[in-house]
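Could you walk me through this structure in plain words? I'm new to it and would like to know what to look at.

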Amino acid sequence: MTKKVLVAGFTGAMGQKAVNLVNSLDNFELVAGMSPTATNDPQKYNLPAGAKIYQSLAEIPDLAADIWIDFTTPKAVYDNVKFALEHHISPVVGTTGMSDEQEAELIKISQKEKVGGLIAPNFGISAVLLMKFAKEAAKYFPDAEIIEMHHADKKDAPSGTALATAKMIAENRPEHETAPDEVETLENVRGGDYQGIKIHSVRLPGYIAHEQVLFGGPGEALTIRQDSFDRESFMGGVKVALEKVDQLDELVVGLENIL
Ligand SMILES: NC(=O)C1=CN([C@@H]2O[C@H](COP(=O)(O)OP(=O)(O)OC[C@H]3O[C@@H](n4cnc5c(N)ncnc54)[C@H](OP(=O)(O)O)[C@@H]3O)[C@@H](O)[C@H]2O)C=CC1
Ligand SMILES: O=C(O)C1=N[C@H](C(=O)O)C[C@H](O)C1
(Lines give C-alpha, C1' and ligand atoms only; values in the text may rest on other atoms or scores of the structure.)
(Ligands and ions follow the chains in the order given, each with its own letter.)
Protein backbone atom coordinates (compact mmCIF):
# COMPACT_ATOMS: atom_id res chain seq x y z
CA MET A 1 0.00 0.00 0.00
CA THR A 2 1.34 3.45 -0.87
CA LYS A 3 2.05 5.66 2.14
CA LYS A 4 1.28 9.38 1.91
CA VAL A 5 4.11 11.62 3.17
CA LEU A 6 4.18 15.26 4.29
CA VAL A 7 7.55 17.00 4.64
CA ALA A 8 7.69 19.82 7.21
CA GLY A 9 10.56 22.19 6.43
CA PHE A 10 10.52 21.08 2.79
CA THR A 11 12.16 24.29 1.52
CA GLY A 12 15.23 23.80 3.74
CA ALA A 13 18.54 22.04 3.12
CA MET A 14 17.40 18.75 4.67
CA GLY A 15 13.78 19.16 3.60
CA GLN A 16 14.81 19.28 -0.06
CA LYS A 17 16.89 16.10 0.34
CA ALA A 18 13.87 14.42 1.95
CA VAL A 19 11.61 15.60 -0.91
CA ASN A 20 13.97 14.01 -3.46
CA LEU A 21 14.19 10.81 -1.42
CA VAL A 22 10.41 10.39 -1.16
CA ASN A 23 10.01 11.17 -4.88
CA SER A 24 12.46 8.35 -5.65
CA LEU A 25 10.65 5.68 -3.60
CA ASP A 26 8.01 3.38 -5.11
CA ASN A 27 5.75 2.84 -2.11
CA PHE A 28 5.63 6.42 -0.85
CA GLU A 29 3.84 9.43 -2.30
CA LEU A 30 4.77 13.00 -1.43
CA VAL A 31 1.38 14.62 -0.91
CA ALA A 32 2.25 17.79 0.99
CA GLY A 33 4.88 20.13 2.36
CA MET A 34 4.80 22.69 5.14
CA SER A 35 7.12 25.70 5.44
CA PRO A 36 6.07 29.13 6.70
CA THR A 37 7.47 31.17 3.79
CA ALA A 38 6.79 28.74 0.91
CA THR A 39 4.82 29.98 -2.09
CA ASN A 40 2.13 27.83 -3.67
CA ASP A 41 4.37 26.51 -6.43
CA PRO A 42 5.05 22.76 -6.02
CA GLN A 43 7.37 22.60 -9.05
CA LYS A 44 9.72 25.22 -7.62
CA TYR A 45 10.43 22.89 -4.68
CA ASN A 46 10.48 19.58 -6.62
CA LEU A 47 7.08 18.53 -5.21
CA PRO A 48 4.72 16.51 -7.43
CA ALA A 49 2.24 18.74 -9.29
CA GLY A 50 -0.73 17.79 -7.12
CA ALA A 51 1.04 18.20 -3.77
CA LYS A 52 -0.42 20.63 -1.24
CA ILE A 53 1.68 23.40 0.27
CA TYR A 54 0.86 24.62 3.76
CA GLN A 55 2.40 27.52 5.61
CA SER A 56 1.08 26.67 9.07
CA LEU A 57 -0.36 23.80 11.12
CA ALA A 58 -3.79 25.47 11.14
CA GLU A 59 -4.14 24.91 7.37
CA ILE A 60 -3.51 21.16 7.48
CA PRO A 61 -6.72 19.07 7.22
CA ASP A 62 -7.38 15.71 8.90
CA LEU A 63 -6.04 12.67 7.04
CA ALA A 64 -3.49 14.85 5.24
CA ALA A 65 -0.79 12.13 5.33
CA ASP A 66 0.31 8.84 6.90
CA ILE A 67 3.89 9.93 7.67
CA TRP A 68 5.25 13.33 8.78
CA ILE A 69 8.92 13.97 8.03
CA ASP A 70 10.22 16.87 10.13
CA PHE A 71 13.37 18.85 9.33
CA THR A 72 12.40 22.26 10.67
CA THR A 73 13.70 24.29 13.59
CA PRO A 74 14.17 23.79 17.34
CA LYS A 75 11.33 26.29 17.94
CA ALA A 76 8.83 24.58 15.64
CA VAL A 77 9.48 20.88 16.11
CA TYR A 78 7.60 20.22 19.37
CA ASP A 79 4.31 21.71 18.10
CA ASN A 80 4.73 19.98 14.75
CA VAL A 81 5.25 16.52 16.23
CA LYS A 82 2.43 16.98 18.76
CA PHE A 83 0.15 17.96 15.86
CA ALA A 84 1.22 14.92 13.83
CA LEU A 85 0.66 12.49 16.73
CA GLU A 86 -2.73 13.96 17.58
CA HIS A 87 -3.76 13.60 13.93
CA HIS A 88 -2.49 10.01 13.80
CA ILE A 89 0.31 10.83 11.37
CA SER A 90 3.52 8.91 12.20
CA PRO A 91 6.40 11.34 12.73
CA VAL A 92 9.92 10.72 11.40
CA VAL A 93 11.85 13.52 13.05
CA GLY A 94 15.37 14.74 12.32
CA THR A 95 15.00 18.20 13.80
CA THR A 96 17.23 18.69 16.84
CA GLY A 97 17.09 21.06 19.80
CA MET A 98 14.12 19.68 21.78
CA SER A 99 14.46 19.45 25.56
CA ASP A 100 14.30 16.12 27.41
CA GLU A 101 10.96 17.26 28.87
CA GLN A 102 9.54 17.96 25.41
CA GLU A 103 10.66 14.55 24.14
CA ALA A 104 9.16 12.82 27.19
CA GLU A 105 5.88 14.69 26.69
CA LEU A 106 5.72 13.62 23.02
CA ILE A 107 6.40 9.99 23.93
CA LYS A 108 3.47 10.15 26.37
CA ILE A 109 1.22 11.59 23.67
CA SER A 110 2.31 8.84 21.24
CA GLN A 111 1.43 6.19 23.84
CA LYS A 112 -1.97 7.77 24.49
CA GLU A 113 -2.74 8.11 20.77
CA LYS A 114 -1.16 4.71 19.97
CA VAL A 115 0.91 6.22 17.14
CA GLY A 116 4.44 5.05 16.32
CA GLY A 117 7.22 7.37 15.27
CA LEU A 118 10.95 7.99 15.36
CA ILE A 119 13.11 10.87 16.57
CA ALA A 120 16.70 10.48 15.36
CA PRO A 121 19.32 13.04 16.38
CA ASN A 122 21.34 11.71 13.45
CA PHE A 123 20.23 9.62 10.46
CA GLY A 124 23.81 8.97 9.27
CA ILE A 125 25.23 5.50 9.83
CA SER A 126 28.70 6.92 10.63
CA ALA A 127 27.23 8.96 13.49
CA VAL A 128 25.10 6.06 14.76
CA LEU A 129 28.25 3.88 14.84
CA LEU A 130 30.28 6.65 16.47
CA MET A 131 27.72 6.83 19.29
CA LYS A 132 27.71 3.05 19.70
CA PHE A 133 31.53 2.87 19.80
CA ALA A 134 31.74 5.84 22.19
CA LYS A 135 29.27 4.18 24.54
CA GLU A 136 31.40 1.02 24.53
CA ALA A 137 34.67 2.95 25.01
CA ALA A 138 33.19 4.82 27.99
CA LYS A 139 33.30 1.59 30.03
CA TYR A 140 37.10 1.69 29.86
CA PHE A 141 37.73 5.44 29.44
CA PRO A 142 35.51 7.45 31.78
CA ASP A 143 37.23 10.75 30.84
CA ALA A 144 35.77 12.05 27.60
CA GLU A 145 35.25 15.29 25.71
CA ILE A 146 33.24 15.91 22.55
CA ILE A 147 34.01 18.31 19.72
CA GLU A 148 31.23 18.80 17.18
CA MET A 149 31.74 20.90 14.05
CA HIS A 150 28.92 22.17 11.88
CA HIS A 151 28.05 24.64 9.11
CA ALA A 152 27.68 28.26 10.19
CA ASP A 153 23.85 28.30 9.70
CA LYS A 154 23.14 25.70 12.38
CA LYS A 155 20.62 27.12 14.86
CA ASP A 156 21.11 24.85 17.90
CA ALA A 157 24.21 24.15 19.99
CA PRO A 158 25.32 21.69 21.06
CA SER A 159 24.26 19.48 18.17
CA GLY A 160 21.62 16.84 18.91
CA THR A 161 24.20 14.18 18.07
CA ALA A 162 26.75 15.56 20.57
CA LEU A 163 24.13 15.64 23.30
CA ALA A 164 22.98 12.10 22.49
CA THR A 165 26.63 10.94 22.51
CA ALA A 166 27.22 12.56 25.91
CA LYS A 167 24.10 10.87 27.32
CA MET A 168 25.29 7.45 26.11
CA ILE A 169 28.78 7.98 27.57
CA ALA A 170 27.33 9.17 30.89
CA GLU A 171 25.05 6.10 31.05
CA ASN A 172 27.85 3.62 30.50
CA ARG A 173 30.94 4.95 32.28
CA PRO A 174 32.04 4.02 35.77
CA GLU A 175 32.14 6.56 38.63
CA HIS A 176 35.08 8.91 38.34
CA GLU A 177 36.18 12.42 39.27
CA THR A 178 37.16 15.30 36.98
CA ALA A 179 39.45 18.16 38.06
CA PRO A 180 37.31 19.84 40.72
CA ASP A 181 39.45 22.98 41.24
CA GLU A 182 39.76 24.02 37.60
CA VAL A 183 39.74 27.81 36.97
CA GLU A 184 38.60 29.37 33.67
CA THR A 185 40.42 32.64 32.99
CA LEU A 186 38.39 33.07 29.79
CA GLU A 187 34.65 32.48 30.27
CA ASN A 188 33.31 29.17 28.86
CA VAL A 189 36.71 28.23 27.44
CA ARG A 190 36.22 24.64 28.67
CA GLY A 191 32.98 24.30 26.71
CA GLY A 192 29.52 23.16 27.77
CA ASP A 193 29.14 20.55 30.46
CA TYR A 194 26.89 17.47 30.36
CA GLN A 195 27.39 15.55 33.59
CA GLY A 196 31.12 16.30 33.53
CA ILE A 197 31.51 15.61 29.80
CA LYS A 198 32.71 18.79 28.08
CA ILE A 199 31.12 19.59 24.71
CA HIS A 200 32.77 22.04 22.31
CA SER A 201 30.69 23.40 19.40
CA VAL A 202 32.45 24.75 16.32
CA ARG A 203 30.47 26.65 13.64
CA LEU A 204 32.28 27.46 10.39
CA PRO A 205 31.44 27.94 6.72
CA GLY A 206 32.54 24.97 4.62
CA TYR A 207 31.70 22.38 7.23
CA ILE A 208 28.58 20.16 7.05
CA ALA A 209 28.42 17.90 10.16
CA HIS A 210 31.35 16.31 11.99
CA GLU A 211 32.01 14.94 15.46
CA GLN A 212 34.98 13.75 17.45
CA VAL A 213 34.89 12.02 20.80
CA LEU A 214 38.18 12.15 22.67
CA PHE A 215 38.88 9.68 25.46
CA GLY A 216 41.95 9.98 27.65
CA GLY A 217 43.48 7.46 30.07
CA PRO A 218 46.83 6.98 31.77
CA GLY A 219 49.45 7.30 29.02
CA GLU A 220 47.00 6.74 26.15
CA ALA A 221 44.10 8.26 24.23
CA LEU A 222 41.36 7.13 21.89
CA THR A 223 39.71 9.40 19.32
CA ILE A 224 36.56 8.42 17.44
CA ARG A 225 35.52 10.63 14.53
CA GLN A 226 32.76 10.75 11.97
CA ASP A 227 32.19 13.14 9.05
CA SER A 228 29.11 13.89 6.99
CA PHE A 229 30.51 15.57 3.90
CA ASP A 230 27.13 15.70 2.15
CA ARG A 231 23.54 15.81 3.49
CA GLU A 232 22.84 12.82 1.25
CA SER A 233 24.54 10.82 4.04
CA PHE A 234 21.41 11.17 6.17
CA MET A 235 18.98 9.81 3.58
CA GLY A 236 19.76 6.09 4.06
CA GLY A 237 18.57 6.42 7.65
CA VAL A 238 15.47 8.39 6.67
CA LYS A 239 14.58 5.66 4.15
CA VAL A 240 14.87 2.96 6.84
CA ALA A 241 12.66 5.04 9.13
CA LEU A 242 10.01 5.48 6.41
CA GLU A 243 9.99 1.74 5.79
CA LYS A 244 9.82 0.74 9.46
CA VAL A 245 7.80 3.44 11.18
CA ASP A 246 4.52 1.55 10.85
CA GLN A 247 6.02 -1.31 12.90
CA LEU A 248 6.45 1.00 15.91
CA ASP A 249 3.67 1.45 18.44
CA GLU A 250 5.07 4.55 20.14
CA LEU A 251 7.61 7.33 19.57
CA VAL A 252 11.14 5.87 19.71
CA VAL A 253 14.35 7.91 20.06
CA GLY A 254 17.47 6.84 18.12
CA LEU A 255 17.90 5.27 14.69
CA GLU A 256 19.93 2.45 16.29
CA ASN A 257 16.69 1.15 17.81
CA ILE A 258 15.17 0.30 14.42
CA LEU A 259 18.24 -0.83 12.46
N1 LIG B 1 18.72 14.06 12.34
C2 LIG B 1 19.58 14.28 11.34
O3 LIG B 1 20.19 13.36 10.80
C4 LIG B 1 19.77 15.67 10.87
C5 LIG B 1 19.12 16.68 11.49
N6 LIG B 1 19.23 17.96 11.04
C7 LIG B 1 18.38 18.93 11.72
O8 LIG B 1 17.29 19.24 10.87
C9 LIG B 1 16.85 20.57 11.11
C10 LIG B 1 16.77 21.35 9.80
O11 LIG B 1 18.06 21.53 9.30
P12 LIG B 1 18.32 22.28 7.89
O13 LIG B 1 17.53 21.63 6.83
O14 LIG B 1 19.79 22.37 7.76
O15 LIG B 1 17.73 23.73 8.21
P16 LIG B 1 17.19 24.84 7.19
O17 LIG B 1 17.31 26.14 7.91
O18 LIG B 1 17.84 24.69 5.88
O19 LIG B 1 15.64 24.49 7.01
C20 LIG B 1 14.70 24.71 8.00
C21 LIG B 1 13.34 24.56 7.39
O22 LIG B 1 12.36 24.68 8.42
C23 LIG B 1 11.34 25.50 7.94
N24 LIG B 1 10.58 26.04 9.07
C25 LIG B 1 10.88 27.07 9.88
N26 LIG B 1 9.90 27.21 10.81
C27 LIG B 1 8.98 26.24 10.52
C28 LIG B 1 7.74 25.87 11.07
N29 LIG B 1 7.22 26.55 12.10
N30 LIG B 1 7.07 24.83 10.55
C31 LIG B 1 7.56 24.17 9.49
N32 LIG B 1 8.72 24.48 8.91
C33 LIG B 1 9.42 25.50 9.43
C34 LIG B 1 12.02 26.52 7.08
O35 LIG B 1 11.06 27.12 6.23
P36 LIG B 1 11.18 28.65 5.73
O37 LIG B 1 12.33 28.65 4.80
O38 LIG B 1 9.86 28.86 5.11
O39 LIG B 1 11.43 29.45 6.99
C40 LIG B 1 12.98 25.60 6.34
O41 LIG B 1 12.30 24.94 5.30
C42 LIG B 1 17.82 21.15 12.16
O43 LIG B 1 17.27 20.99 13.44
C44 LIG B 1 19.04 20.23 12.04
O45 LIG B 1 19.77 20.15 13.24
C46 LIG B 1 20.02 18.29 10.00
C47 LIG B 1 20.74 17.33 9.37
C48 LIG B 1 20.68 15.93 9.73
O1 LIG C 1 22.14 20.85 11.71
C2 LIG C 1 22.75 19.92 11.12
O3 LIG C 1 23.28 20.07 10.03
C4 LIG C 1 22.79 18.60 11.77
N5 LIG C 1 22.08 18.40 12.82
C6 LIG C 1 22.00 17.20 13.57
C7 LIG C 1 22.52 17.42 14.97
O8 LIG C 1 22.23 18.47 15.56
O9 LIG C 1 23.18 16.53 15.50
C10 LIG C 1 22.60 16.03 12.86
C11 LIG C 1 23.82 16.35 12.07
O12 LIG C 1 24.85 16.61 12.96
C13 LIG C 1 23.59 17.52 11.14
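Let's start at Asp-143, which touches His-176, Thr-178, Phe-215, Gly-216 and Gly-217, leaving aside residues up to four places away in sequence. Touching, or contact, here means that the C-beta atoms of two residues, placed from the backbone, lie within 7 Å. Asp-143 sits in strand E7, residues 143-150. Helices (H or I, at least four residues) and strands (E, at least two) are DSSP runs, numbered from the N terminus. Asp-143 counts as partly exposed because it has 19 C-beta neighbours inside 10 Å. For that label, a residue is buried with 20 or more other C-beta atoms within 10 Å of its own, exposed with 12 or fewer, and partly exposed in between, the C-beta atoms being placed from the backbone. Arg-173 is 30 residues away from Asp-143 in sequence, yet the two are 8.7 Å apart in space, C-alpha to C-alpha.

A quick word on what you're looking at: this is a predicted model, where local features need pLDDT of at least 70 and side-chain atom pairs count only at pLDDT 80 or more, while totals for chains, interfaces and linings use all residues. Residues are numbered from 1 along each chain as its sequence is written, and chains are lettered from A and ligands numbered from 1 in the order in which they are written.

Now for the sheet around E7. Five strands make an open sheet in the order E8-E9-E7-E10-E11, with mixed pairing. Strands E8 (192-194) and E11 (220-228) are at the edges with a single partner strand each, so one side of each has no neighbour in the sheet. Ignoring direction, neighbouring strands here are turned by 20° against each other on average. Two strands pair if DSSP finds at least two bridges between them. E8 and E9 (residues 197-203), for instance, pair in the antiparallel sense over three bridges, and Tyr-194 has Ile-197 in E9 as its bridge partner.

Two helices lie across these strands. Helix H5 (residues 160-172) lies across E7, E8, E9 and E10, at about 170° to E7. Axes are lines fitted to C-alpha atoms, for helices over the stretch in contact, and angles run from 0 to 180 degrees between N-to-C directions.

What does UniProt say about this part? An unreviewed entry there gives "domain: Dihydrodipicolinate reductase C-terminal" for residues 127-259. UniProt positions follow the numbering used here, feature names are shortened, and annotations may be inferred rather than shown by experiment. Over residues 127-259, the chain is 26% helix and 29% strand, with its end C-alpha atoms 13 Å apart. For residues 4-123, UniProt lists "domain: Dihydrodipicolinate reductase N-terminal", also from an unreviewed entry. Over residues 4-123 the chain is 30% helix and 22% strand, and the end C-alpha atoms are 21 Å apart.

On to another sheet. Seven strands form an open sheet with parallel pairing, in the order E3-E2-E1-E4-E5-E6-E12. Strands E3 (52-54) and E12 (251-253) stand at the edges, each with a single partner strand, so one side of each is left without a neighbour in the sheet. From one strand to the next, the twist averages 25°. Helix H1 packs on the sheet, touching E1, E2 and E4, and its direction makes about 165° with that of E1. H3 packs on the sheet too, touching E6 and E12, at about 145° to the direction of E12.

E4 (residues 67-70) runs parallel to E5 and is joined to it by four bridges, with Asp-70 opposite Val-93. E5 and E6 (residues 117-119) also run parallel, joined by two bridges, and Ile-119 in E6 is the bridge partner of Val-93.

Finally, back to H1 (residues 13-24). Its buried residues include Met-14, Leu-21 and Val-22, and the buried residues of H1 pack against E1 (3-8), E2 (28-34), E4 and helix H6 (235-244).
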